[in-house]
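This report describes the fold, the core and selected local features of the structure shown below.

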4 protein chains.
Amino acid sequence: MPRDSKSRTSDPQNISLTNESSSSERPSHFVENALWDQPSYYRVLRRSHPANTIVGVRGVAVGGTELTIMAGPCAVESPQQLIAAAEHAAAGGAHLLRGGAFKLRTSPYSFSGLGEAALKLLSEARRVSGLPIVTEVVDEESVLLAAAHADMLQIGTRNMHNYVLLKQAAATGKPILLKRGMAATLEEFLNAAEYIMAAGNDQVVLCERGIRTFSDFTRNTLDLNIVPALKQLSHLPVITDPSHGTGRRDLVAPMARASIAAGADGVLLEMHPDPEKALSDGYQSLDPDEFTELVSDLARLAPIVGRTLSVRGK
Amino acid sequence: MPRDSKSRTSDPQNISLTNESSSSERPSHFVENALWDQPSYYRVLRRSHPANTIVGVRGVAVGGTELTIMAGPCAVESPQQLIAAAEHAAAGGAHLLRGGAFKLRTSPYSFSGLGEAALKLLSEARRVSGLPIVTEVVDEESVLLAAAHADMLQIGTRNMHNYVLLKQAAATGKPILLKRGMAATLEEFLNAAEYIMAAGNDQVVLCERGIRTFSDFTRNTLDLNIVPALKQLSHLPVITDPSHGTGRRDLVAPMARASIAAGADGVLLEMHPDPEKALSDGYQSLDPDEFTELVSDLARLAPIVGRTLSVRGK
Amino acid sequence: MPRDSKSRTSDPQNISLTNESSSSERPSHFVENALWDQPSYYRVLRRSHPANTIVGVRGVAVGGTELTIMAGPCAVESPQQLIAAAEHAAAGGAHLLRGGAFKLRTSPYSFSGLGEAALKLLSEARRVSGLPIVTEVVDEESVLLAAAHADMLQIGTRNMHNYVLLKQAAATGKPILLKRGMAATLEEFLNAAEYIMAAGNDQVVLCERGIRTFSDFTRNTLDLNIVPALKQLSHLPVITDPSHGTGRRDLVAPMARASIAAGADGVLLEMHPDPEKALSDGYQSLDPDEFTELVSDLARLAPIVGRTLSVRGK
Amino acid sequence: MPRDSKSRTSDPQNISLTNESSSSERPSHFVENALWDQPSYYRVLRRSHPANTIVGVRGVAVGGTELTIMAGPCAVESPQQLIAAAEHAAAGGAHLLRGGAFKLRTSPYSFSGLGEAALKLLSEARRVSGLPIVTEVVDEESVLLAAAHADMLQIGTRNMHNYVLLKQAAATGKPILLKRGMAATLEEFLNAAEYIMAAGNDQVVLCERGIRTFSDFTRNTLDLNIVPALKQLSHLPVITDPSHGTGRRDLVAPMARASIAAGADGVLLEMHPDPEKALSDGYQSLDPDEFTELVSDLARLAPIVGRTLSVRGK
């Protein structure tokens, strides 16, 4: 029985690139310029592009030999908080600084981010720390603002299926960090990346961030199985987000280590200068010392899986 | 362990409407105009509005004693197909005609709808059949176009979390058909409706359309349990979509009957004049005879649950 | 990708009954008497037995035109409680009395039932009320004891995969009430029934009782979709358990109505003379008045779906 | 809303060991010797036993500094197959040999193992290779036979809730390898281990083997998140089974590496001398060369997580 909107070509290795339909079966001129029976996706596949894609984010290479650490607070809250986070991130070994300016919140009454003010703070934090900036976009306006300030645009889990937003983000030419939808199959995830590539932007990083299951000791179930499965099928870099993936500060470090061991190209970590006071997601944020120790662990792990992680900090 | 973005107030019956936070704990002037610790949602709750909300769609009342039947093809394909569908729908007892002009497709290469041409066809079909029109919107442009032609705007399952779209659709003042996200909790579903109501539009109909589970004999798992749970908590009308909910034509009729027996205010049904030739979702579409027979069954069932369904057709 | 232990013949309609393997490919004499490449299941299928199977439980027919109501407390607690429950069940229209003598409990320290004493009480309750008895079995000893006192043996959700127990219960010749495993696919459920039939017992009633999903407003997600799917594929009677299926007393009545509307042959209901004082599952048990009202609703619903339910009580 | 049979004490850190109930509220003498309001589990918890439990399997320590590798074929098929597997396992660095004599199969017509003949072969394989034996038990008879031949008894995922079997296996005094049920919560898993410990056997190893989710690119979803969560809560050793956990030979090595990086005490691997000819699960079995290479990887990884793995083979 087919899953929702799943491609009928269920084995990605056997996708036919041939258009097998004859137009004579088509109902009318109304659909004459629709595309028929195209493969569901192919640009993202390794057989279209055997070598690993390396995504460049203002000089930082994601998907090469060097692992990538992205870290920072869930939300930009204040200059003090962000600058402190950026300095700790740089000192601890991060390559990119993350920070939310626009937050998708379940409730219309929750704090939804500081918007452009946060983007300006992020620019300032970049100047101070030297770290390129990744920030989430949620609509056309935020895409335009973020493109003017940030170095990489993140599409969140709730927007993986928001194909309009994918195209708007793609059109900026900025590299895109695409998070897996919380109930997305592997094929749907690759199709979302295909939307970005079909819009002319091949700078896409895939990010596993936890799926919805019956299991209730974690906020989500970080599905590391998808890391080697994606690396095999696709040439795009793959990272994980163990902070959202588990929702538990005590599980972030072991699951980050496991991500790298499974073949991930990097990790995205929530780190806050003072997690107890974080406006959102403090219970899953590392503090600076935990972050520094984790990066050091990952650096020792890297050569085991044929990677490097040069802790630049101290 | 908290679910993703779940409100910390887990029991909706005990939501406090009081703002319990003192601003002195807040970190800085950057967040001074954010709303703190508001209840996650309350406008959608029955305790805010004890009577059932009745949503009016160009003269058709949804949520009153009379059950509502919405029917039509997944996608508008051609004038012939749509007019035939509209006539069958009206003859068989439908109150509203559904038809897709803008389709969210998993693959960027799939047929994504005829757009404005389809909306004009839907207007023509309304003129011929007398049935008001419900159609899905996927972005700002489609919202504006659909608002000019259709009578009710549908937010699809992939967009339930697209709060920007919810607000754009709400702003048209048109009644909204809001589908549950395929991995949305009951609370997330009600929060999405709260976004629409908070934007000033209280004409919202909730629609259960199947969730993602391990179970693989159906395309999705239609979760009828949410129907009585929503009816109890909320004053908004609740319908189901057994076509997408099961993905199997042979299960549509029994699950439509079960929906009404569980307390639903109506059903949304895929019906195609010739399902074998449908461009999308033909395997889950009823043909006109099956549709007519099902509506007749539902009409006999209605009084058992204190409802009416006057088969107007023949 | 294959599910756990799923038959390789994924379409039950296309099962080949022919043994296609040649023994020459087999590795050694060690496996010479194993059965190769048999169909995974066929005795349970409607194409092996087109007519509905009617299961007889001490004179009560399950699976015929008349719907079957099974009701009673989760656990047998005392003579007073059980006799009161039996009298209320009979008066309210039940055909069978349920009551647990042996309970599978998650914790080794929870109340695990009164055992043989409960079986004797159930016999006494049958004498007083005239209702045949259904009770759960959990191991060989309980099978032997229950076979001596009860009229139908229930296999619980945690034991659906306990094939040893299935065979032991089958061997008693008593009719079997088989509950779906909480994560069992439709095929695994039918295979479990096939174990019982292959052991020579064709008196099997299938019972949907809720599956494990991400959804958290119910204890389980009662999956009514499986009712019409099973009725189509199999000749065995199908009932549901909305008490365990939802875990919420307020959802039991609507989901019981929905079950019958979906085509179920009956329902299994937890009913306790005083739910507030129940030793287990009180929060999902109906009280006698709620039970009587629900049966009366179902009796009015029955003719809509071509069934009867003669309320014998008053 | 409570999960099925979940303890009401949801935070294991706050379990009260005090019996808070007064017997005066109890309904009758029938339940006077039942245990009331005991904690759901405590013997398995680290706060009952702060040090790691080290389980001894005929001289092999599981749960100490040295990681444990268990490997072998899904099913014992023939002397040639098993002896070859045992020799490859020993040469490649395994500490224990696994092999199935009794198989729980979804269909009553599938190959269910060679039974006692397989146990005798396993004894012979132990003599040849020097590796202690772990084998699955499925009922009382298999428990007694396996206890006479094997060194560790495995309880499979379908039997995690089979408390009768847990007690029978516990009573042999043999160490127990307990697999997580495919839809079991963390609490249910720990409760199953508590059954074994409450029966007087504290030699329990927990094994994550994949859960049922919507995700369909793997046979199951190996949930590595539970590894650090269990290690924190419990003193028992924790291993994983990436072969069943993913069902894909190509994902076994990366997920085995990830398991160790997440803190697992070892891995259970399907390895077959000739996977293409395996009678069951060949598509998820490593061949001897893949196995040897993986163990070598794990040996290099071990010191990064403070463990050792001395490849004894060559």
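## Central residue of the core

In this predicted model, Leu178(C) touches a set of residues from its own chain, leaving out those up to four places away in sequence. These are Ile155(C), Met160(C), Leu166(C), Phe189(C), Ala192(C), Ala193(C), Ile196(C), Val204(C), Val205(C), Leu206(C) and Cys207(C). The largest nonpolar core has 348 residues, and Leu178(A), Leu178(B), Leu178(C) and Leu178(D) touch the most other members. In soluble globular proteins, nonpolar side chains tend to be buried together.

## Chain A in outline

Chain A contains 9 helices and 10 strands. Of its 314 residues, 67% count as buried, and the accessible surface of chain A comes to about 9900 Å². Carbon and sulfur atoms hold 48% of that surface. Among the contacts in chain A with a separation of 6 or more, 69% are between residues 24 or more positions apart.

## The barrel of chain D

In chain D, 8 strands close into a barrel with parallel pairing, in the order β3-β4-β5-β6-β7-β8-β9-β10. From one strand to the next, the twist averages 30°. One of the pairings joins strand β7 (residues 176–179) of chain D to strand β8 (residues 204–208) of chain D, in the parallel sense and over 4 bridges. Within this pairing, Val204(D) in β8(D) is the bridge partner of Ile176(D).

Helix α2 (residues 116–129) of chain D packs on the sheet, where it touches β4 (96–98) and β5 (133–137) of chain D. The direction of α2 makes about 165° with that of β5(D). Helix α6 (residues 226–233) of chain D also packs on the sheet, touching β8 and β9 (238–240) of chain D. The direction of α6 makes about 165° with that of β9(D).

## Strand β10 of chain B

How many residues of strand β10 (residues 266–270) of chain B are buried? The count is 5 of the 5, so the strand is largely enclosed by the rest of the structure. Gly266(B), Leu268(B) and Glu270(B) point one way from β10(B), while Val267(B) and Leu269(B) point the other way. The residues on both sides are buried. In a regular strand the side chains alternate between the two faces of the sheet.

Strand β3 (residues 68–72) of chain B pairs with β10(B) in the parallel sense over 5 bridges, and Met70(B) stands opposite Leu268(B). Strand β9 (residues 238–240) of chain B is joined to β10(B) by 2 bridges, and these two strands run parallel. Here Ile239(B) stands opposite Gly266(B).

## Helix α3 in chains B and C

Helix α3 (residues 140–149) of chain C has the buried residues Ser142(C), Val143(C), Leu145(C), Ala146(C) and His149(C). The buried residues of α3(C) pack against α2 (116–129), β5 (133–137), β6 (152–155) and α4 (163–171) of chain C. An α-helix has 3.6 residues a turn, so residues three or four places apart point the same way.

In chain B, the buried residues of helix α3 (residues 140–149) are Ser142(B), Val143(B), Leu145(B), Ala146(B) and His149(B). Their packing partners are α2 (116–129), β5 (133–137), β6 (152–155) and α4 (163–171) of chain B.

Arg180(C) lies in the loop between β7 (176–179) and α5 (186–198) of chain C. Is Arg180(C) buried or exposed? Arg180(C) is buried, because its relative accessible area is 0%. The side chain of Arg180(C) makes a polar contact with that of Asp223(C) at 2.9 Å.

Thr221(C) is placed in the loop between β8 (204–208) and α6 (226–233) of chain C. Thr221(C) is likewise buried, with a relative accessible area of 0%. A polar contact of 2.8 Å links the side chains of Thr221(C) and Thr213(C). Leaving aside neighbours within four places in sequence, the contacts of Thr221(C) include Ile211(B), Asp223(B) and Asn225(B) from chain B, and Glu208(C), Gly210(C) and Gly245(C) from chain C.

Arg58(B) is not a glycine, yet has a positive phi of about 45°. Arg58(B) lies in the loop between β1 (55–57) and β2 (60–62) of chain B and is exposed, with a relative accessible area of 55%.

In chain C, Arg58(C) has a positive phi of about 45° and is located in the loop between β1 (55–57) and β2 (60–62). Arg58(C) counts as exposed because its relative accessible area is 56%, where exposed means over 50%.

How values were computed:
Residues numbered from 1 in each chain as written. Chains lettered and ligands numbered in written order. Predicted model: local features only at pLDDT ≥ 70, side-chain atom pairs only at ≥ 80, totals over all residues. Heavy atoms only, no water. Core = buried A, V, L, I, M, F, W, Y, C linked by side-chain atoms within 4.5 Å. Buried < 20%, exposed > 50% of the residue type's maximum accessible area, 1.4 Å probe, protein only. Contact = heavy atoms within 4.5 Å. Areas by Shrake-Rupley, 256 points an atom, 1.4 Å probe, with all protein chains shown as cover. Polar contact = N/O pair within 3.5 Å; in protein donor to acceptor, adjacent residues only side chain to side chain. Pairing = 2+ DSSP bridges. Axes fitted to C-alpha atoms, helices over the stretch in contact; angles between N-to-C directions.
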